[in-house]
Amino acid sequence: MKNKAVKIGLNSPCPCGSGKKYKYCCRNKKMEISLKEEYKKRYGIYLKEPYQVEGIRKSGALLISILDRVEQMIKPGLATEEINTFVHKETLKAGAISAPLHYRGFPKSVCVSVNEVICHGIPGDRVLKDGDIVNVDITPILDGYYADASKTFFVGTPTKKGQKIVSVAAQALKRGIETIAPGATLGDIGYAIQSYAEGCGCSVVREFVGHGVGIEFHEQPQVLHFGTRGKGLTLVPGMVFTIEPMVNLGKKELYVLEDRWTAVTNDGSLSAQFEQTLLVTETGWESLTPYEL
């Protein structure tokens with residue numbers, strides 16, 4: 001006798017025994033599994049499970065706690081190496097490790113980028129001066145989960161140029177975040193950032209991008225900070241990635257110093273960056289490294 005396939009009605013009790021209707025239980029789970037498998041196979045993207053999101057969220061809470069205390073340290077006369085020492089010690093004290101340390105040969109536990117340095121500044125002897133701006137980029141690994149965020153701070157009394165570029169970079173990130181929702185695209189994020197920054201007379205760096213994060217330091221997808229509305233990958237719940245626009249007061253061109261890490265503006269203009277780790281939810285987004293913009 002041949003086995004016949006039994007069709008389960010949407011309003012039938014779910015065969016898993018949960019007591020819920022099939023349409024509210026395993027039918028949705030099958031759709032989620034299919035989507036998860038599709039994004040992994042086609043794009044190399046890991047859609048995060050709730051327990052993984054919670055792990056990233058805890059790492060993010062640690063990150064913001066350290067970043068808030070770094071902000072209190074910032075003042076003229078502070079050497080960037082002192083920031084590195086503080087972040088390294090506080091990360092270890094919390095039972096975490098600093099992802100940047102030894103990553104592809106990077107020699108420090110945090111990136112500290114001052115004025116014309118766009119990103120990947122190596123802490124050292126440079127001393128902060130009144131009127132400087134400084135970006136501090138932190139990535140802890142807590143219980144195997146990564147969170148990634150940065151802020152640009154004023155040192156002492158800000159200059160007018162410093163105020164402008166920091167404000168534009170922060171608002172560019174905010175506008176990028178506000179586009180996140182299921183069904184939106186990566187191009188929507190890039191367009192929101194680019195159109196705002198360029199509309200303010202600034203430029204957006206092309207060479208460095210946001211990225212998936214959480215289980216590894218750098219995952220798929222890449223998140224460009226420029227683009228076209230409606231283009232690029234469609235966002236779906238469970239995606240976790242950073243948005244981290246680097247905005248220059250002058251032109252977008254850059255060069256990398258002989259240390260093979262430190263990226264600086266070609267024209268010597270100021271550059272600022274803000275970064276958060278974002279989760280695409282069923283209805284919009286959640287920052288897993290939240291701070292006010």
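Analyst: Gln52 is buried, with a relative accessible area of 12%. Buried means under 20% relative accessible area, exposed over 50%, partly exposed in between (1.4 Å probe, protein chains only).

User: What kind of model is this?

Analyst: This is a predicted model, where local features need pLDDT of at least 70, side-chain atom pairs count only at pLDDT 80 or more, and totals for chains, interfaces and linings use all residues. Residues are numbered from 1 along each chain as its sequence is written, and side-chain values use heavy atoms, leaving out hydrogens and water.

User: Where is the place of Gln52?

Analyst: In helix α2, residues 50–73. Helices (H or I, at least four residues) and strands (E, at least two) are DSSP runs, numbered from the N terminus.

User: What is Gln52 in contact with?

Analyst: Leu47, Tyr145 and Ile215, leaving aside neighbours within four places in sequence. Contact means heavy atoms within 4.5 Å. The C-alpha atoms of Gln52 and Gly238 are separated by 9.7 Å, with the two residues 186 apart along the chain.

User: Switching to α3. What should it span?

Analyst: Helix α3 has 14 residues (80–93) and should span 20 Å at 1.5 Å a residue. Its end C-alpha atoms are 20 Å apart, which agrees. The expected span is 1.5 Å times one less than the number of residues.

User: Which residues in α3 are buried?

Analyst: Thr80, Ile83, Asn84, Val87, Glu90 and Thr91. Down the axis of α3, the buried residues fall within an arc of 145°, so they line one face of the helix. The arc is that of the directions from the helix axis to the C-beta atoms.

User: Why would spaced-out residues point the same way?

Analyst: An α-helix has 3.6 residues a turn, so residues three or four places apart point the same way.

User: What do the buried residues of α3 pack against?

Analyst: They pack against α2, β1 (97–98), β2 (111–114), β4 (133–138) and β5 (140–142). The face turned away from the buried side of α3 carries exposed Lys89 and Lys93.

User: Is Thr80 buried or exposed?

Analyst: Thr80 counts as buried, at 3% relative accessibility. Not counting residues up to four places away in sequence, Thr80 touches Val112, Val114, Pro123, Gly124, Arg126 and Leu128.

User: What follows α3?

Analyst: Gly95, whose phi is positive, near 80°.

User: New topic. In what sense do β9 and β10 pair?

Analyst: Strand β9 (210–212) and strand β10 (219–223) pair in the antiparallel sense over 3 bridges. Two strands pair if DSSP finds at least two bridges between them. Gly210 stands opposite Val223 in β10. The hairpin has 6 residues between the strands, and Gly214 takes a positive phi near 135°.
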